Amino acid sequence: MGKKVLVTGAAGFLGAHVAESLVKAGYQVIAFDDLSGGFEDNVPEGAEFVKGSINDVELVDHLFKVHEFEYVFHLAAYAAEGLSHFIRRFNYTNNLIGSINLINAAVNTGTVKCFVFTSSIAVYGAGQSPMREDMHPLPEDPYGVSKYAIELDLKAAHEMFGLNSIIFRPHNVYGEKQNIGDPYRNVVGIFMNQIMQGKKLTIFGDGMQTRAFSHIDDVAPIIAKSIEMPEAYNETFNIGADTPYTVKELATLVCDAFGVPEMLEFLDVRNEVVNAYSDHSKVHKYFGHMIKNISLKEGIDRMVDDAKAKGPRQGSKFKNIEVEKNMPPAWKKLV
Ligand SMILES: NC(=O)c1ccc[n+]([C@@H]2O[C@H](COP(=O)([O-])OP(=O)(O)OC[C@H]3O[C@@H](n4cnc5c(N)ncnc54)[C@H](O)[C@@H]3O)[C@@H](O)[C@H]2O)c1
């Protein structure tokens, strides 16, 4: 029997890939997810699926007590950064309090050797590119605030209780198994879903904002492997691709991959960082041998095959918007 590992958010995109790497490496994986944003068929064969929420304290405590996990990979979250302004209570309940429930259980159980947390480059805030791990984070939206709060809490839990952790700050990850039906996040998937529904590709502003889109195979295997590298314990890593592309360039690549003419619809500018890119020298130093540098074209081709096999997904409006004020009109119109 391999060592017992908890992966939260394991029916989601990153979580499923991390769980898959862990199963392949011989770990006994408990895949925990409430299916609010993921799909049970994403959970890799060989992992034991438990449906439930990180906000169910009784269930969380029970799982830790029964399984005595050696490692925890905490990826469950609702990661719609832009939308988080308008679902503030939900964001903090799910992404902050839910995370604290897991940290409490890890401390109380005392068996956890390392708690791996997927934070985000959202912790840096605007005007900090290239973002480096030694910069002082200044998150500007509730999603980034909750991620940074958990980073600080993990630091406190290490100092107070000796709980080791590793923090990853990924950005713009795309690839197979991603939910292409969420209209609020994952622009690569949104474009693919729009093409498969014969719709125009919607772009906020002029499309000249840049992002370094990162293929899942350059991210998930490193996160999974990190627990075997004690020198990475209690360290923070930016992780993802180096080469920035404009959202308009991305639209061209996705249309080419589907072999369809480019039909774009430009929406009002939304409040977002224009150019976001981070420095990856630290992750290269520790995990350089695992980085494949998958090109955006290759990554998109792979994802297109997966998206075509699954077909379009019906996206819908987030049910409980808490604040309507200043919401992008395109989101207000969703049904
Ligand atoms: N995808 C990216 O580009 C990116 C970038 C930075 C950080 N991250 C972080 O990586 C993690 C995974 O992101 P993803 O892109 O795979 O998202 P995802 O939505 O595909 O996966 C998240 C999973 O968490 C589950 N979940 C949400 N709330 C839950 C709860 N209360 N209890 C149990 N399960 C719950 C969802 O059902 C979903 O399956 C998140 O923490 C996210 O903030 C992702």
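Modeller: Let us begin with a loop position: asparagine 186 lies in the loop between S7 and H5, where helices (H or I, at least four residues) and strands (E, at least two) are DSSP runs numbered from the N terminus. Please note that the model is predicted: local features need pLDDT of at least 70, side-chain atom pairs count only at pLDDT 80 or more, and totals for chains, interfaces and linings use all residues. Residues are numbered from 1 along each chain as its sequence is written, and side-chain values use heavy atoms, with hydrogens and water left out.

Colleague: What is the phi of asparagine 186?

Modeller: As a general idea, most residues other than glycine have a negative phi. Asparagine 186 has a positive phi, near 70°. Leucine 35 is another non-glycine residue with a positive phi, near 60°, and it is placed in the loop between strand S2 (28–33) and strand S3 (48–51).

Colleague: Is asparagine 186 buried or exposed?

Modeller: The term buried means under 20% relative accessible area, exposed means over 50%, and partly exposed is in between (1.4 Å probe, protein chains only). Asparagine 186 is counted as buried because its relative accessibility is 17%. Leucine 35, with a relative accessible area of 27%, is therefore partly exposed.

Colleague: How many residues of helix H5 are buried?

Modeller: In helix H5 (residues 187–196), eight of the ten residues are buried, so the rest of the structure largely encloses this helix. Among them are Val188, Ile190, Phe191 and Met192. The cover over the buried residues of H5 includes strand S7 (173–174), strand S8 (201–204), helix H7 (247–258) and helix H9 (296–310), with contact meaning heavy atoms within 4.5 Å. After H5 comes glycine 198, with a positive phi near 70°.

Colleague: Which way do the side chains of strand S4 point?

Modeller: The general idea is that side chains in a regular strand alternate between the two faces of the sheet. In strand S4 (residues 71–74), Tyr71 and Phe73 point one way, Val72 and His74 point the other way, and all are buried.

Colleague: Which strands pair with S4?

Modeller: Two strands pair if DSSP finds at least two bridges between them. Strand S1 (residues 4–8) is parallel to S4 and joined to it by four bridges; leucine 6 has valine 72 of S4 as its bridge partner. Strand S5 (residues 114–118) also pairs with S4 in the parallel sense, over four bridges. There, tyrosine 71 has cysteine 114 of S5 as its bridge partner.

Colleague: What is the order of the strands in the open sheet of three strands?

Modeller: The order is S12-S9-S14, and the pairing is mixed. Strand S12 (245–246) and strand S14 (275–276) are the edge strands, each pairing on one side only. S9 and S14 run parallel and are joined by two bridges, and threonine 210 has asparagine 275 of S14 as its bridge partner.

Colleague: Where is arginine 211 found, and what does it touch?

Modeller: Arginine 211 is in strand S9 (residues 210–211). It counts as buried because its relative accessibility is 12%. Leaving out residues up to four places away in sequence, arginine 211 touches several residues, including Asn172, Tyr245, Glu272 and Asn275.

Colleague: Which residues come nearest to the ligand?

Modeller: A residue is near a molecule if one of its heavy atoms lies within 4 Å of it. There are 28 residues around the ligand, of which Leu14, Asp33, Asn94, Tyr143 and Val173 come nearest. Helix H1 (13–24) and helix H4 (142–161) each contribute at least two residues to this shell.

Colleague: Which polar side-chain atom lies 2.9 Å from an oxygen atom of the ligand?

Modeller: A polar contact is a pair of N or O atoms within 3.5 Å; within protein, one must be able to donate a hydrogen and the other to accept it, and residues adjacent in sequence count only if both atoms are side-chain atoms. The side-chain atom in question belongs to arginine 185. Polar backbone atoms also take part: one of leucine 14 is 2.8 Å from a ligand oxygen atom, and one of glycine 37 is 2.8 Å from a ligand oxygen atom.
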